[in-house]
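Hi everyone, thanks for coming.

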Amino acid sequence: SFPIFAKVDVKGSHQAPIYSYLQQNFKKRTIFKNIPWNFTKFLVDGKGQIRYRFWPIVSAWYVEKKIKMLLSEQV
């Protein structure tokens with residue numbers, strides 16, 4: 001029943017709950033307070049804390065590096 005591939009709103013009055021949570025709980029604020037669009041990536045740890053936000057142009061190898069770093073902290 002979870003609509004994994006459903007189209008959702010990233011911002012605005014019909015913003016999906018996940019984006020609302022991410023926007024409200026991301027502690028490292030930047031100039032841009034809002035999530036620019038749906039290809040922004042977030043890395044969340046095992047406790048539900050948002051650790052990183054990646055712009056859509058960030059390469060996959062950099063995201064992978066941060067994931068491995070976070071996993072090594074969990075050990």
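Let me begin with a question: in which helix do lysine 68 and glutamate 64 lie, and how many residues apart are they? Both sit in helix H2, four residues apart, which is about one turn of the helix. Please keep in mind that this is a predicted model.

Lysine 68 is exposed, at 53% relative accessible area, while glutamate 64 is partly exposed, at 42%.

How many salt bridges does the count come to? Three. Let's go to the others.

Arginine 51 pairs with glutamate 73, and here the closest N and O atoms are 2.9 Å apart. Arginine 51 belongs to strand E2, residues 50–54, and glutamate 73 to helix H2, residues 60–74, so this pair ties together parts that are 22 residues apart in sequence. Glutamate 73 is partly exposed, with 44% relative accessibility.

Now stay with arginine 51 for a moment. Its side chain also meets that of aspartate 45 in a salt bridge, at 3.7 Å from N to O. Is aspartate 45 buried or exposed? Aspartate 45 is buried, because its relative accessible area is 13% and the cut-off for buried is under 20%. Arginine 51, in turn, is partly exposed, at 25%.

Terms used: Residues are numbered from 1 along each chain as its sequence is written. This is a predicted model: local features need pLDDT of at least 70, side-chain atom pairs count only at pLDDT 80 or more; totals for chains, interfaces and linings use all residues. Side-chain values use heavy atoms; hydrogens and water are left out. A salt bridge is a side-chain nitrogen of Lys or Arg within 4 Å of a carboxyl oxygen of Asp or Glu. Buried means under 20% relative accessible area, exposed over 50%, partly exposed in between (1.4 Å probe, protein chains only). Helices (H or I, at least four residues) and strands (E, at least two) are DSSP runs, numbered from the N terminus.
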